[in-house]
Amino acid sequence: MSQNYYQKEIETMPVEEMKKLQSDKLVKQVKHVYDNVPYYRDLMDQKGVKPEDIKGIEDLYKLPFLTKADLRDAYPYGLLAKPLEDCVRIQSTSGTTGRRVVAFYTQKDIDLWEDCCARAIVAAGGTKADVCQVAYGYGLFTGGPGLNGGSHRVGCLTLPMSSGNTERQIQFMMDLNATIICCTPSYAAYIGESLKEQGYKPEDIPLKAGIFGAEPWTEEMRRGIEQTLGIKAYDIYGLTETSGPGVSFECSEQTGMHINEDHFLAEIIDPETGEVLPEGEKGELVFTSLDKEAFPLLRYRTRDICVLSRKKCSCGRTLIKMAKPMGRTDDMLIIRGVNVFPSQIETVLLNEGYQPNYQIIVDRENNTDTFDVNVEMNPEQFTDKVSQILAMEKSLANAMKTMLGINPKIHLVAPKSIVRSEGKAVRVIDKRKLI
Amino acid sequence: MSIKQLTVFVENKQGTMVAITDTLAKHNVNIRALSIAETEAFGILRLIVNDEKTAEKILSEEGYLIKITDVIGVKIGDEPGKLSAALGVLDRARINLEYLYAFMSRTEKHAYVVLRVEDNAAAEAELVGAGFHLIADADVLKL
């Protein structure tokens, strides 16, 4: 398959050159922020760091972090680095975890963001001959505007559908031969089911690719969407705080997302100590905006847990890759010194043929953490033989040990026996906190 | 010829057993034989009842995990050496026994043994061949 790039020089740039480029941009960006954002200048002063201490990306670790709490404290203008009259756009988060985040954009910021989305569309096989249906929400949410802009830059015929009204989505898709769809994976699955119900087979659907993001989804879900729609499904990642979708995107290899690291410098840190971790280690993803003018966040802690990799990619891109986030630092448990995420347990359960109905119970006995996981059995797994149930528990514990690095005690329980409050099961009971 | 055993998953905590037996009593289900295998966390209750369909329905409705398993019921004389003779038949045929439990008849001077093996057909053939009388679900009602 021939490889297409939107900005080949950047996307296939030798790593050393990229690092040089990042260093040059970082030095300028730190000065820009220090001079224009009193909030961050105070943080740097408190840490005793001056802009001249940052000579390249090797000095990045010296800079203070920004967190969601800083964004709340500085709301709405506290992190703005350009006069308002130079800004042309605001986008905002849903505000589900507290106060909304408002992000400001200059025209240049919009241009760079749309370039990032264009790279994602081209990596998914998009060209000017394509019809791109954007079914992300439009408005304050970044999904619609970002992919819409990217689609224009690639030269696709853009269908600005926004989300919802599935009947109309299907009508436009079929009548106007949409070849690429951009939306959340759950909406893609829903559209797929609706098409199936209406009797459309994958080969009747004109789509060839989908670019899906803005929410967590599993490999299983990807395969399902690919089958019902007859497409290749590509992951895309982003956050309003840095720009929106397009911070990273998947290529045809589908083994992680290439970060647009000429604009967004990525680090992985230990969420407990803040220490920078070497490539390949799992930790919290931190981004530094290298080019943003209006809302340039330095060392912003995303709270997403993931891994970075510079392994050579078959698509030819040299941009560093990030794994799909495995969880949020908010959910992280530390058991016997090991970081454990409920999402990892969920993955093991799905792989081993269980429903993700479980409860983690952590306690402390004789100064050692105990780690128990109750898992609901499927009715068809139930057997009259005790030995078989014990063997199932043991095999599940081994699979968890492989994934987590520590051994839980598994207890198979009856279906629906794990207490649900308002339909949602309580996933973690950490009794250690009571002590 | 086999009989239906009702298997119930029970959490190992106070009050679980009495809740199950209460439910069965309320619906007039009579227990002919039972055995329980327990671990630290859970138990597996095995029941031979007069009406396994009703028992399955009402316990399922109460949220219990239920499985119906075919087991073998063997009639043996209530005297020393009879159980051993029956088990000897299986042993010589290299049929592995998963578990067993026994009960007495109210009317006859016989005992009954419930056997759980991997291959019912093979075990049945061996036992019948050795002259043992196996019981069916219909027989359970009369015991």
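Cover here means contact, with two residues in contact if their C-beta atoms, placed from the backbone, lie within 7 Å. Helices (H or I, at least four residues) and strands (E, at least two) are DSSP runs, numbered from the N terminus. The model is predicted: local features need pLDDT of at least 70 and side-chain atom pairs count only at pLDDT 80 or more, while totals for chains, interfaces and linings use all residues. Residues are numbered from 1 along each chain as its sequence is written, with chains lettered from A and ligands numbered from 1 in the order in which they are written.

**Helix α11(A)**

Select residues 386-404 of chain A. This is α11, with 19 residues and a reach of 27 Å from its first C-alpha to its last, close to the 27 Å expected at 1.5 Å a residue. The expected span is 1.5 Å times one less than the number of residues in the helix.

Next, colour I389(A), M392(A), E393(A), L396(A) and M400(A), which are buried in α11(A). These residues lie on the same side of α11(A) because they cover an arc of only 95° around the axis. The arc is that of the directions from the helix axis to the C-beta atoms. Turn to the other side of α11(A) for S387(A), A391(A), K394(A), S395(A) and T402(A), which are exposed. A residue is buried if 20 or more other C-beta atoms lie within 10 Å of its own, exposed if 12 or fewer, and partly exposed in between, with C-beta atoms placed from the backbone.

Step off the end of the helix to G405(A): just after α11(A), this residue takes a positive phi of about 90°.

**Chain A as a whole**

Zoom out to chain A, which has 11 helices and 23 strands. Its radius of gyration is 23 Å, close to the 22 Å that the globule rule gives for 435 residues, so chain A is as compact as a globular protein of that length. The radius is taken over C-alpha atoms, and the rule is 2.2 Å times the number of residues to the power 0.38. Along the principal axes, the C-alpha atoms of chain A fill a box of roughly 70 × 60 × 40 Å. Of the 435 residues in chain A, 42% are buried.

Now colour chain A by domain: domain 1 is 1-330 and domain 2 is 333-434. Such bounds come from an automatic or database domain assignment. The C-alpha centres of these two domains of chain A lie 33 Å apart. Their contact takes 5 residues from domain 1 of chain A and 5 residues from domain 2 of chain A.

**Chain B**

Move to chain B and select domain 1 (3-69) and domain 2 (70-142). Their centres, taken over C-alpha atoms, are separated by 22 Å. The contact takes 10 residues from domain 1 of chain B and 12 residues from domain 2 of chain B. On the domain 1 side, β1 (3-11) and β2 (31-38) of chain B are the elements that give two or more residues, and β2(B) has the largest share, 4 residues.

**Between the chains**

Finally, show both chains. Their contact takes 15 residues from chain B and 12 residues from chain A. On the chain B side, β1, β3 (42-49) and β4 (66-77) of chain B give two or more residues, and β1(B) gives the most, with 3 residues.
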